[in-house]
Amino acid sequence: MNIVQIRYFVAVYHAGSFSKAAKEQFVTVQAVSKSIADLESELGRELFERKSRGVVPTAFGEAFYAKAAGALRDFDELQTFADGTPSPQPSMLRLALCAPNFNGNERVLANIRALISRQLGTNAELTLSGGFEGIDLLRKADVDALITIGRLDTPHTDCVPVLTAPPGVSFSARHPLASQESVTIDQLDPYPVCVAKDFDYFNESILITYVNCGLKSPRETILSADEFPAFLEERHGYAFVVGLPALSDDRYDTVVRPVAAQDAVPIPICLVTLKLSKSPLYLAVERFLTDNAPRI
């Protein structure tokens with residue numbers, strides 16, 4: 001039973017025919033007839049007697065009308081109240097950047113916040129989060145959207161690419177490839193690549209993109225930050241990152257080198273929201289970024 005069925009039932013009761021009720025409701029006679037038939041089937045009782053010149057309510061239909069009319073009136077009053085009451089809107093846009101902790105992340109987060117504030121005239125709260133942690137934040141409505149490096153496609157989310165970024169690799173400053181200006185995938189194949197469990201099993205990350213393109217590097221899952229320095233230094237390992245030298249991490253004495261032009265695959269930077277759950281502030285940011293999509 002739903003409010004449309006109740007509305008059509010009350011309309012037929014007052015009009016005395018399916019055709020007149022349909023005209024009043026701006027729908028087809030078939031829509032009204034099917035709705036009443038479905039309602040009668042659900043109730044297990046007939047609501048109207050079909051006559052040659054229209055319909056008349058049964059005894060059960062009369063009793064049902066006494067309840068239905070009041071329920072419809074209450075629903076319409078509730079709808080009028082809801083339509084006339086402005087929805088409270090958050091005063092701050094809340095975003096989470098899904099990325100591993102990287103050198104200078106505070107500066108990057110501050111720059112994104114400043115860009116949003118300057119362009120949209122609204123405050124923004126931007127935090128760094130894990131991938132699966134970010135999905136939990138979305139489900140709990142603790143953030144309006146996630147920013148992901150690479151697409152995230154699930155049945156319950158919308159993914160909107162707004163920027164592209166160049167791919168790069170991060171490795172120790174003493175890595176055999178560290179002296180090169182850029183690196184090819186063939187050169188990387190002999191060395192182990194870091195799998196970040198909370199990101200590379202979460203979305204179409206840079207690593208997953210290159211695995212799908214035929215990368216042969218052995219993959220090693222790094223479970224904690226404490227394992228990472230030894231992986232870089234002793235194993236000559238590497239990790240895929242956004243290819244910006246400014247992201248070289250002084251904590252681990254690393255360098256960032258771009259992937260060579262012939263192997264470079266542009267990486268989408270995406271906004272991810274739950275389906276049918278986009279705040280007005282978020283929509284403004286999405287429109288701004290899709291209309292002004294630079295390459296970083």
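This is a predicted model: local features need pLDDT of at least 70, side-chain atom pairs count only at pLDDT 80 or more; totals for chains, interfaces and linings use all residues.
Pairing requires at least two DSSP bridges between two strands. Strands here are DSSP E runs of at least two residues, and helices are H or I runs of at least four, numbered from the N terminus. Ala96 has Leu146 of β5 as its bridge partner.

Now widen the view. The open sheet holds 5 strands, ordered β4-β3-β5-β12-β6, with mixed pairing. From one strand to the next, the twist averages 25°. Helix α11 (residues 280–291) packs on this sheet and touches β3, β5, β6 and β12 (267–274). Its direction makes about 35° with that of β6. Axes are lines fitted to C-alpha atoms, for helices over the stretch in contact; angles run from 0 to 180 degrees between N-to-C directions. Contact means heavy atoms within 4.5 Å.

Next, the cores. A nonpolar core joins buried Ala, Val, Leu, Ile, Met, Phe, Trp, Tyr and Cys residues through side-chain atoms within 4.5 Å; buried means under 20% relative accessible area (1.4 Å probe, protein chains only). The largest has 21 residues, and Phe9, Val10, Val12, Val32, Ile36, Phe48 and Phe64 touch the most other members. Two or more residues each come from α1 (3–15), α2 (18–25), α3 (29–43) and α4 (59–84). α1 gives the most, 7 residues. Beyond four places in sequence, Phe64 touches Met1, Ile6, Phe9, Leu39, Leu43 and Leu47. A second, separate core of 20 residues includes Leu93, Ala99, Leu109 and Tyr282.

Local features need pLDDT of at least 70 and side-chain atom pairs 80 or more, while totals for chains, interfaces and linings use all residues. Numbering starts from 1 along each chain as its sequence is written, and side-chain values use heavy atoms, leaving out hydrogens and water.

How values were computed: Buried means under 20% relative accessible area, exposed over 50%, partly exposed in between (1.4 Å probe, protein chains only).
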